[in-house]
Structures are given as structure tokens and as C-alpha cells.
Amino acid sequence: MRVFRSLYEPANNYLPSYEISTIEENILLMHPLSWLDSGVGVSLTNNINVTAISDRTNATTWLPLKSGFMPRLVTSASGNKFLNFGLGRGPSAPGAILSNNAYEQLPPDGVFALAIVFRVPLRQQGGYDGTGGNILGNNDNSPNIFRLRFRDDGYRGNMLFLHHGATSPITQNNYPINTTFNDDGLWHNLLLEVRADMHQIEIDGIIKQQRLVPAIPFANSASRQLIIGGAGNPLSNGFFGDIAMVLIVPGIISAGQKESIYNYMDQTKSKYT
């Protein structure tokens, strides 16, 4: 049998095509537990009101924590989309979202990396009174609550803390991160790394705090269910601000993986700055 090889590549428009960058491919290779991106998989009504968001892991769909209240998809001056929580709403219904079917995004052993591209608006400007709040948390109560919060419970100040465990007493063991953030109303990257022996938080690549507090396990199913834009308790302290992406990677990330995450965060943040 004689076979001739063509000088031209055949065009087959029926083959599957995947539009994914090298940076995004590197993220997928980390097997993320959760990957929310405001530019992908967002279902809308009236071009602004979010009805559901497909997680980029393809494992789950984000739906309202409180029926009827979802974030809004806002277009920046540069034409890029981001999720807005809380503007024009009370703190008990800022638009917080929870995955369907009790899907779990937080690892049982409590060892993970969390990346967020976010903006905490300035207080008493742009229609806001207070801003900040619980940017994310879990779906459980004390003594298993988990929440990452900007400002105090009155939406004032510039504190940034991670609360994981009982509500009181307040100790380093249940508040393993207790630092501050730059209250400038601009977009920033945040990376939280929790290892077997420590908690560390960075903003824009600068370490804000590192504490030798061991990883705290997520003891049950509810504690492993992630909420974005609020926390299970206190729900009344939802988030007032903007989120472009949230990523959770299980285990300890390598230096190369960390670089890939920062490349992705920097690329995302550049759309809004």
C-alpha cells in the first residue's frame, strides 16, 4: 500500500477545541478544590444579576446562600467583569454564595493554599457606608467556624484576620492570622498558605504575617463547605466589596506552583488596574 503525506494540515472543525492558556493549564494541574473566576461560567439576567456560577473545576455550581440574593457582575472601565457583593444591600444579604449538593472545597487535614484577587472599597464612598467583612468562610458554627475577614465587626478599621475554631476565647490558636491591610480601595492579590506547622498570609507578594500555628482540621462536612462573600456564622457580617477570582489548592504548594498562582493572580489583577 502506498501512502502519500500532504503538505497541508487537514482542517477538522468538528474536533474539540479548548481555549486555555499555559497559566490556566498550570492551575488545573494542581487539582484545585475550588476555582471561581468572574470572567468564566457566570449565568446572568439583565446582564448584571448573577443567577449561578459554574466552578472552573467543573465539580460544582455556586448558588445563593440566602435565597434571592446573589452578587452582581459589574463591568470595569476597561471592560472586564468582576463580582460585586453588598452594595445597596444589608450585611445579612450581601450576595454570599455556596456550592450546590453540599460540595466540599476545604481539605479535611486543613493544609491548603488560598488565592484571591479582591478589592475592599473605601468606607463612606461610592455608595458604601462600611466595607470589608467576611470575604469567605465555611458553612459551620463555633467551634468549627472558619472565616477570613477585613475590618472589625462594625466594618471599621484596617484589621485583617483569620478565625478558625471557637469564637472565644480569642487566642493565637483560633485566630492564627491577626494583622492589617492597606486600606486604599485598590485591587490586590492575597495568598494564604496553611501548612502542618504554620499559617502565612501575603498581599501582593509581601508576607504580612507568619505564625507557627499548626493546620487546623476541618472536622465535618459542613466545616468543609466554602462560602464566598460571607460565612456561616455570623452570616450577618457578609462582605462588602469586589472579587475577581478565588482559588483553593489542597496540600503544600511548591515554589513553582506558587509562581504559577502569582502569575495567574497578577494577570487577573492587571485587568482592573
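Tutor: Residues are numbered from 1 along each chain as its sequence is written, and side-chain values use heavy atoms, without hydrogens and water. In this predicted model, local features need pLDDT of at least 70 and side-chain atom pairs pLDDT 80 or more, while totals for chains, interfaces and linings use all residues.

Student: Why is S76 called buried?

Tutor: Its relative accessible area is 15%. Buried means under 20% (1.4 Å probe, protein chains only). So S76 counts as buried.

Student: What makes the S76 and S78 side chains a polar contact?

Tutor: They come to 2.9 Å. The term needs a pair of N or O atoms within 3.5 Å, one able to donate a hydrogen and the other to accept it. The pair therefore qualifies.

Student: Which residues does S76 touch, leaving out those up to four places away in sequence?

Tutor: F82, K271 and Y272. Contact means heavy atoms within 4.5 Å.

Student: How do you know that the span of α2 is close to the expected one?

Tutor: Helix α2 (a DSSP run of H or I, at least four residues) has 15 residues, 255-269. The expected span is 1.5 Å times one less than the number of residues. That gives 21 Å, and α2 reaches 21 Å from first C-alpha to last.

Student: What is the class make-up of the largest cavity's lining?

Tutor: It has 6 nonpolar, 3 polar and no charged residues. Phe, Leu, Val and Ile count as nonpolar, and Gly as polar. The lining includes F112, L162, V194, I216 and G110.

Key: Buried means under 20% relative accessible area, exposed over 50%, partly exposed in between (1.4 Å probe, protein chains only). Helices (H or I, at least four residues) and strands (E, at least two) are DSSP runs, numbered from the N terminus. On a 1 Å grid over the protein atoms alone, a cavity is a set of points where a 1.4 Å probe fits but cannot get out, and a pocket is an open set with protein on both sides within 12 Å along at least five of seven lines; lining residues have an atom within 4 Å of a point.
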